[in-house]
Amino acid sequence: MAGVPALETAGLSKRYGARFAVDHIDISLPSGVVSGFVGPNGAGKTTTILMLLGLVRPTDGTGQVLGQPITDPAAYLARVGALIEAPLFYPTLSGRRNLEVLTRLGRLDPTRIAQVLEQVELSDRAHDLVRSYSLGMKQRLGIAAALLPAPELVILDEPTNGLDPAGIREIRELLKGLTERGITVFVSSHLLAEIEAICQHLVMIDKGRIVFQGGVDSLLAAQQTALIATPEHAKDLPALIALIEREGKEASAEGESVRVQSNADWAAELNRRAMAAGITLSGLQVTRASLEEAFFSVVGALRAHGSSPGGEGGLRPHGSSPGGEGGLRPHGSSPGGEHPGEGVAPFPDPASGGD
Ligand code: ATP
């Protein structure tokens, strides 16, 4: 992950009227990996991407893509492939013909067409009309178009939008394959679970502000684990909860099981203590927060720390602990952090009212 950042921003902002769509964000993206850009609908992902591609003028701040300033997109766009939301193609032309049109318009190497069709596994459907393509095939053709210039960096805005699980899996595999060829991928999604499996690095945004950026591992490691214990006999559940609480642990019933906020290494102890109390466990699992839970945990903690949760529809911490325990530092308060901007930004003013 080391090396020159593929892209960087400093205080990058976009204001529409009184509202900041993107509010002074500092991003630093490692080269050669898949970085996820995640946040709920309306968080500012598309606006950020449009600024990085020189398609929207920032209100404030600066940025560099592949070492070139975003004020001069001509200096880097030839090395960047982009797919912004649903790709637009001529429905009455074949996939191949559409790519030919793009190579002509962009003065790109036409020998790339066969290569990119192969890369996205569309070679055998290349001569079919685009109107006969499934949504997943259209998305793959969009990625093929983004790959035409043989880019060093590929920026994809919600490439899995509207796809079924099989389509999502195909796109994931495709993106993984790109980094194996040395291409840096920056992919946005409002569904963390969709990209959890492929990202090594994450930039999380909420209401225009960065709430976390860094390695996926460091985010997950900072999340609390829980134990799920199931007594063989449901009647033992209250006694099991009481036993756990006497040990000073937080326990709550979940169906016929109990969830214990605890590190994984307490599992054996719990098993021993339950047995000593005459309670047999028929199940004992260690659960780790998913990326989605981690996001809600971080955002929930920031909002609790700042002010009210604001009116963003559908944002609700689920199963999350009240705070990312250790590891996640408030943005700007980290003493001597090696990675500037890594950690959690304070979340003081969720401009009341959502989108
Ligand atoms: P989604 O996941 O729904 O695509 P997003 O994270 O990409 O969301 P943006 O599309 O960047 O979010 O929008 C961020 C905010 O900026 C939203 O409140 C949106 O309504 C607002 N916004 C975006 N473009 C404009 C515009 N041209 N004029 C006014 N407001 C805008």
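A residue counts as buried if 20 or more other C-beta atoms lie within 10 Å of its own, as exposed if 12 or fewer do, and as partly exposed in between, with C-beta atoms placed from the backbone. The model is predicted: local features need pLDDT of at least 70 and side-chain atom pairs count only at pLDDT 80 or more, while totals for chains, interfaces and linings use all residues. Residues are numbered from 1 along each chain as its sequence is written.

**Figure 1. Glutamate 173 in helix H5.**
With 12 other C-beta atoms within 10 Å, glutamate 173 is exposed. Its C-alpha lies 9.7 Å from that of valine 120, although 53 residues of sequence separate glutamate 173 from valine 120. Helices (H or I, at least four residues) and strands (E, at least two) are DSSP runs, numbered from the N terminus.

**Figure 2. The protein chain as a whole, with ten helices and 15 strands.**
Here is some context for the close-ups. The protein chain has 355 residues, and 41% of them count as buried. Two residues are in contact if their C-beta atoms, placed from the backbone, lie within 7 Å. Among contacts in the protein chain between residues at least 6 apart in sequence, 69% link residues at least 24 apart.

**Figure 3. Helix H4 (residues 135-147) packed with helix H5 (residues 165-180).**
The angle between H4 and H5 is about 15°, and their axes are 10 Å apart. Axes are lines fitted to C-alpha atoms, for helices over the stretch in contact, and angles run from 0 to 180 degrees between N-to-C directions. H4 and H5 are therefore roughly parallel to each other. For the wording of angles, under 35 degrees counts as roughly parallel, over 145 as roughly antiparallel, 65 to 115 as roughly perpendicular and the rest as oblique. H4 passes H5 in a right-handed crossing. A crossing is right-handed if the near helix is turned clockwise from the far one by less than a right angle, and left-handed if anticlockwise. On the H4 side, the contact is made by Leu135, Gly136, Gln139, Arg140 and Ile143, and on the H5 side by Gly167, Glu170, Ile171 and Leu174. By class, the residues of this contact of H4 with H5 are four nonpolar, three polar and two charged. In this sorting, Ala, Val, Leu, Ile, Met, Phe, Trp, Tyr, Cys and Pro count as nonpolar, Asp, Glu, Lys and Arg as charged, and the others, Gly among them, as polar.

**Figure 4. Helix H2 (residues 95-106) crossing helix H3 (residues 112-119).**
The axes of H2 and H3 come within 10 Å and cross at roughly 130°. H2 and H3 are therefore oblique to each other. The crossing of H2 past H3 is right-handed. From H2 the contact draws on Arg96, Leu99, Glu100 and Thr103, and from H3 on Arg112, Ile113 and Leu117. The residues of the contact of H2 with H3 comprise three nonpolar, one polar and three charged.

**Figure 5. The shell of twelve residues around the ligand.**
Those that come nearest are Ala21, Asn41, Lys45, Thr46 and Thr47. A residue is near a molecule or strand if its C-beta atom, placed from the backbone, lies within 6 Å of it. Helix H1 (residues 45-52) gives the largest share of the shell, three residues. The shell has three nonpolar, seven polar and two charged residues.

**Figure 6. Glutamate 121 and glutamate 158, each with a positive phi.**
Most residues other than glycine have a negative phi. Glutamate 121, in the loop between H3 and H4, has a phi near 55°. With 15 C-beta neighbours inside 10 Å, glutamate 121 is partly exposed. Glutamate 158, in the loop between strand E8 (153-157) and H5, has a phi near 50°. Glutamate 158 is buried, with 23 other C-beta atoms within 10 Å.

**Figure 7. Tyrosine 76 in the loop between strand E6 (68-69) and strand E7 (80-84).**
Tyrosine 76 is buried, having 22 other C-beta atoms within 10 Å. Leaving aside neighbours within four places in sequence, tyrosine 76 is in contact with Val65, Leu66 and Gln68. Proline 151 is 75 residues from tyrosine 76 along the chain, and their C-alpha atoms are separated by 9.9 Å.
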